[in-house]
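Work through the following exercises with the sequence and the model at hand, and try each task before reading its solution.

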Amino acid sequence: MVSGEHSLLLFLDKFGKLYESIDMSEVKTLARGLMVLEKLAEASDGLSITELAKTFEVDKGGMSRVLQTLSKYGFAEKNERTRKYALG
């Protein structure tokens, strides 16, 4: 497990109760971003935009924007060869 992944898992564990109580109507995008981070933490080979969009039942454009934002701030990174995302 890499350091960033370990830190994310500790964060998600520590704030699990808060995460579970998120009001989806108020912070839907934030909640989706946190759920994407959880999925990326579980996926050893990374996940594509299509896979994540299907998992969360959203369009690929919306998922692409979430992943671009996560990548911009170092939480996710894209493997250009496989076109899959993993934790940053």
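## Exercise 1: the buried side of helix α5

Determine which residues of α5 are buried and what they pack against.

Solution. In helix α5, the buried residues are G62, M63, S64, V66, L67 and L70, where buried means under 20% relative accessible area with a 1.4 Å probe and protein chains only. These buried residues pack against α3, α4, β1 (76–79) and β2 (84–87), contact being defined as heavy atoms within 4.5 Å. As for the helix itself, α5 covers residues 60–72, has 13 residues, and reaches 18 Å from its first C-alpha to its last, close to the 18 Å expected at 1.5 Å a residue; the expected span is 1.5 Å times one less than the number of residues.

Two remarks on the basis of these values apply throughout. The model is predicted, so that local features need pLDDT of at least 70 and side-chain atom pairs count only at pLDDT 80 or more, while totals for chains, interfaces and linings use all residues. Residues are numbered from 1 along each chain as its sequence is written, and side-chain values use heavy atoms, with hydrogens and water left out.

## Exercise 2: α4 against α5

Describe how the axes of α4 and α5 are arranged, and name the residues that meet.

Solution. The two axes, which are lines fitted to C-alpha atoms over the stretch in contact, with angles running from 0 to 180 degrees between N-to-C directions, come within 9 Å and cross at roughly 110 degrees. α4 is therefore roughly perpendicular to α5, a term that covers angles of 65 to 115 degrees. On the α4 side, I49, T50, L52, A53 and F56 meet K60, M63, S64 and L67 of α5. The residues of this contact divide into six nonpolar, two polar and one charged.

## Exercise 3: α3 against α4

Find the angle at which α3 and α4 cross, and the residues that make their contact.

Solution. The axes of helix α3 (residues 28–42) and helix α4 (residues 49–56) come within 11 Å and cross at roughly 120 degrees. The helices α3 and α4 are therefore oblique to each other. From α3, the contact is made by M35, V36, K39 and L40, and from α4 by L52, T55 and F56; these residues divide into five nonpolar, one polar and one charged.

## Exercise 4: the whole chain

State the order of helices and strands along the sequence.

Solution. The chain contains five helices and two strands, and read along the sequence they follow the pattern α-α-α-α-α-β-β. Of its 88 residues, 33% count as buried.

Definitions and conventions:
Helix = DSSP H or I, 4+ residues; strand = E, 2+ residues; numbered from the N terminus. Parallel < 35°, antiparallel > 145°, perpendicular 65-115°, else oblique. Nonpolar A, V, L, I, M, F, W, Y, C, P; charged D, E, K, R; others polar. Buried < 20%, exposed > 50% of the residue type's maximum accessible area, 1.4 Å probe, protein only.
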